[in-house]
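Trainee: I have a chain open on my screen and could use a hand reading it. Can we go through it together?

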Amino acid sequence: MGLKEYASKRKFGETPEPEPTPRRGEKRLVFVVHKHAARALHYDLRLEMEGVLKSWAVPKGPSLDPSLKRLAVMVEDHPFDYKDFEGVIPEGNYGAGSVIIWDRGFYRPPSAAGDDSEKQLLAGLRKGDLKFVLEGEKLRGEFALVKTGKDGKSWLLLKKKDRYATREDILGENRSVHSGRTLEEVFEAGPGTAAGQKKIEQIRLREAMESAEMKDAPLQPMPHGIQPMLATMAKVPFDHPDWLFEVKWDGYRAIAELRDGDVSLYSRNQTPLEKKFFPVVDSLRKLEFDAVLDGEIVVVDAQGRPDFQMLQNYQESGSGHLLYYVFDLLYFEGHDLTGLPLLRRKELLKRILPSSPRIRFSDHVWKDGVLFFTVAREKGLEGIIAKHSRSTYQMGGRSRQWLKVKRQPSQEGVIAGFTEPRGGRRSFGALVLGVFEGDELVYIGHAGGGFSGKDLKEIRERLDPLIRKECPFREEPKTNTPATWVKPELVCEVALSGWTQDGIMRHPVFLRLREDKAAGEVVREVKP
Ligand code: MN
């Protein structure tokens, strides 16, 4: 074929690819496999013959599995020096996109042929049945290229059965053997453009689809109305090599279901959040895949600290910066990931989430929970979540594989009633609180402090329509002033300093209403 076609397609003033020069000397024959994100992502297999690189584009990439046949389309010869090319071919040029040296090494005919090696290979090429042995870093053992059809360009790339054959997916090893970089990293180092950004996302998704995670996750219809996995309260942070640690974001837990460009976003108690947090939904709608995400919606202040008050008022005030911190991936493009270990789910999640002003990957640290907790506390964060790196996702379950450690202990309580105000106060004196033990609401104390004037008024307004005669506890608790009972529906969160032996909170102080939580799921966080 020679190098005329290669040269005619390229402008060597613009592309960093090498100019055609024939090679000379050297006995061992070289092969290279480029991974190339052009219009479509593909691999290029190049075999040295007659001083040039005979080349095939392999759309699905090579495989070490002898049961797979991969289409290989013969393309123009490339110069020998192309074996060292890695970089970005600029937009507007032939094959624009990034290229990495995915694999490289030597190759030879299957039977020792000494000086006749090249002749033997050339004969195979002409016959349309080329057998060869690769000695690369990723590809090893015997392969064949077999010509099919009459167009003269279509071949099949096959792996022969030998000790290198495996069903394991070699394409998961996605880094350059030359630089250690991924296609994406090579691309990001090049000149950035909007079209380039689009291409990065394509590479990202394509690589996610090819990942071992997807192969190990069963095909399933997309689940709906998910009850998120919950963490158990732990008293102190710890260090452990099997655990990872995330920031405990102080906001609304939210599940996002993305399907065919439609987004539903809802809370733990299945309350729709699309309207309230529409800017997050707008950002999620731009993601070009089907998935179920688990994360926390927060509003951060100018220092980047989550502010729960700002979050609750976001719809009215719009102040602060709204973010969706995503920490788990339950479903992706037809595959159920809940049975995979957490760390693998997070790896896939990190790979598919593009950089977006509203959507963030909630990253983690390994094993050093104590230090991480100290740092989180210094930064004014609510606490940390410790997660076992191999934990599977247990929907709706409070698991001991996930533990939360809070800077300030707190407890959710179902509001069962309120007491009469005393002194100058209006609206009510204290909130009478309970938690569920099975179906039974059990008294845990009453909180009379921590309310702003606005809180008092607002909570009373919310409670008035719920007032009823009947006490929701089996046994009526003693209160300082007479209590008015309500239907146990509204949930609040209080800070506390501990528990008495009878299971009553010590020094409870009102923190906030929790409209994202259902009364029925409120239980004692720590056994007294
Ligand atoms: Mn190519």
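**Pocket, metal and fold**

Mentor: Start with the largest pocket, which holds about 510 Å³ of space. A pocket is an open set of points on a 1 Å grid over the protein atoms alone, where a 1.4 Å probe fits and protein lies on both sides within 12 Å along at least five of seven lines. Its volume is the space filled by probe spheres set on the points.

Trainee: Which residues are closest to the centre of the largest pocket?

Mentor: They are His-42, Asp-44, Ala-57, Val-75 and Tyr-94, out of 25 residues that line the pocket. Lining residues have an atom within 4 Å of a point. This is a predicted model, where local features need pLDDT of at least 70 and side-chain atom pairs count only at pLDDT 80 or more, while totals for chains, interfaces and linings use all residues. Residues are numbered from 1 along each chain as its sequence is written, and side-chain values use heavy atoms, with hydrogens and water left out.

Trainee: Which strand gives the most to the lining of the largest pocket?

Mentor: S4 does, with five residues. Strand S2 (41–49) and strand S4 (69–79) each supply at least two. Strands (E, at least two residues) are DSSP runs numbered from the N terminus, as are helices (H or I, at least four).

Trainee: How many of the lining residues are nonpolar, polar and charged?

Mentor: The lining has 12 nonpolar, four polar and nine charged residues. Ala, Val, Leu, Ile, Met, Phe, Trp, Tyr, Cys and Pro count as nonpolar, Asp, Glu, Lys and Arg as charged, and the others, Gly among them, as polar.

Trainee: Now the metal. What are the protein donors of the manganese ion?

Mentor: His-36 (ND1), His-42 (NE2) and Asp-44 (OD), at 2.2 to 2.3 Å from the ion. Donors are N, O and S atoms within 2.8 Å of the metal (3.2 Å for Na, K and Ca), and water is not among the atoms, so sites may look incomplete. Along the chain the donors follow the spacing H-x5-H-x1-D.

Trainee: Are His-42 and Asp-44 buried or exposed?

Mentor: Both are buried. Buried means under 20% relative accessible area, exposed over 50%, and partly exposed in between (1.4 Å probe, protein chains only).

Trainee: What about Ala-37, where is that?

Mentor: Ala-37 is in strand S1 (residues 29–37), and it is buried at a relative accessible area of 2%. Apart from neighbours within four places in sequence, its contacts include Ala-96, Leu-183 and Lys-199. Contact means heavy atoms within 4.5 Å. Glu-184 is 147 residues away from Ala-37 along the chain, yet their C-alpha atoms are separated by 9.1 Å.

Trainee: And Glu-50, what is its phi?

Mentor: Phi of Glu-50 is positive, about 50°, although the residue is not a glycine. Glu-50 sits in the loop between S2 and strand S3 (52–58) and is partly exposed at 48% relative accessibility.

Trainee: Zooming out, how many helices and strands are there?

Mentor: The chain has 11 helices and 28 strands. Its radius of gyration is 31 Å, well over the 24 Å that the globule rule gives for 528 residues, so the chain is more spread out than a compact globule. That radius is taken over C-alpha atoms, and the rule is 2.2 Å times the number of residues to the power 0.38.

Trainee: What box do the C-alpha atoms fill?

Mentor: Roughly 105 × 45 × 40 Å, taken along the principal axes.
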